[in-house]
Amino acid sequence: MTVSDGIADQRDPSAVSDGMGGAFVVFIDSRNGDYDIFAQHLDQDGNSLWTQGGVPVCTASGHQYSPIPVLDGAGGIIITWRDDREVFSKAYAQRLDQSGTALWTEDGLKLCDAAGSQVDVWSVSDMSGGAIVVWEDYRAAQELYAQRVDGSGSMLWGAGAAPVSTGSDARNNPCIISDGTGGAVIAWEDSRNPDKDIYAQRLDADGNPQFLVDGEEICTASGNQQLPKLALDPSGYIYIAWQDNRDSNLDVYAQRINRSGTSQWSTDGIAVCTASGSQYSIDLLPDQIGGVYIIWQDYRNGTDNDIFAARIESSGSESWYPGGVKICGASGYQYEPRLISDGQYGFIACWRDRRTG
């Protein structure tokens with residue numbers, strides 16, 4: 001099915017299930033000259049339910065980037081993005097109802113009034129009709145701040161947003177998941193030590209930190225640890241996986257923490273895959289019975305990337321095969337794998353593939 005077939009560029013798509021077999025899709029579109037944000041609702045047969053080519057979410061001056069949709073619990077979505085209409089980039093949001101009508105201020109709400117730029121904007125549902133948004137913030141240094149916006153468009157964590165981790169050393173590449181109780185868990189790359197490390201923070205429904213101030217250490221091993229990903233299992237434990245070069249090549253490591261931020265596995269995480277070559281571009285998914293699936297692109301064959309995956313039990317044991325099982329080893333490159341649940345304790349994987357060029 002075609003989401004938008006205009007003559008201008010459509011890029012940066014992101015989608016979320018509508019819970020009825022269809023999906024909401026958001027993207028940036030240069031039909032007006034600058035990149036603006038548009039959205040479309042597809043039913044279970046792939047039919048467009050909103051205006052052909054998508055409904056406008058934001059057509060303000062300047063570019064808008066990286067839209068993320070989350071469900072609002074009432075048949076619509078909340079969309080967040082990075083917005084360059086001002087001198088400095090800012091985090092914005094808009095809510096669309098089930099007909100695609102914007103419910104908040106035209107061209108979106110600014111989520112933070114602090115000076116400096118807000119970039120690398122990510123969001124999740126707050127499970128109460130609103131959204132929790134995190135971004136890299138340059139009001140003082142390269143820090144992390146977050147905002148919770150409710151269904152009416154009110155900012156619940158103050159005009160300046162809630163600090164996630166602050167300091168003179170860079171915090172970047174944040175990821176975020178709902179904690180299931182109105183708050184969120186955030187993980188990121190942190191440069192407060194000589195190398196990049198992985199830290200995490202949990203904010204409650206009022207934006208208060210539940211881990212150590214400025215974040216809990218997840219991995220401070222030698223070498224760089226980068227690009228963390230998060231998952232929450234039904235019992236409330238949090239899984240974090242990242243790419244790790246403590247042994248010169250990029251490998252896959254992971255950690256399990258409880259709701260207080262206490263690590264459940266070995267200090268600095270367990271090795272999921274340390275095969276030859278590099279392993280990176282990670283995604284993960286709870287198996288719904290206490291463990292987690294982890295998938296990655298893998299260069300162990302030395303000629304092109306393949307896709308491998310592992311299942312890690314709650315104890316930290318690998319239940320399939322050491323170093324993972326091969327999901328796809330076709331010729332050419334396979335990369336950027338992603339996971340979703342199959343609804344029966346397994347997963348469906350997809351990836352980009354260049355076996356045909």
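**Exercise 1.** Is Arg-85 buried, exposed or partly exposed, and what is the relative accessible area of Arg-85?

*Solution.* The model is predicted: local features need pLDDT of at least 70, side-chain atom pairs count only at pLDDT 80 or more, and totals for chains, interfaces and linings use all residues. Residues are numbered from 1 along each chain as its sequence is written, and side-chain values use heavy atoms, with hydrogens and water left out. Step one is the scale: buried means under 20% relative accessible area, exposed over 50%, and partly exposed in between (1.4 Å probe, protein chains only). Step two is the value: Arg-85 has a relative accessible area of 25%, and Arg-85 is therefore partly exposed.

**Exercise 2.** Locate the two residues of the salt bridge between Asp-179 and Arg-202.

*Solution.* The closest N and O atoms of this pair lie 3.0 Å apart. Asp-179 sits in the loop between β13 (171–178) and β14 (184–190), whereas Arg-202 belongs to strand β15 (residues 197–203), so the pair, 23 residues apart, links distant parts of the chain; strands (E, at least two residues) are DSSP runs, numbered from the N terminus. Both Asp-179 and Arg-202 are buried.

**Exercise 3.** State how many salt bridges the whole structure holds.

*Solution.* The search finds 20 salt bridges. Among them is the pair Asp-244 and Arg-246, at 2.8 Å from N to O.

Definitions and conventions:
Salt bridge = Lys/Arg side-chain N within 4 Å of Asp/Glu carboxyl O. Helix = DSSP H or I, 4+ residues; strand = E, 2+ residues; numbered from the N terminus.
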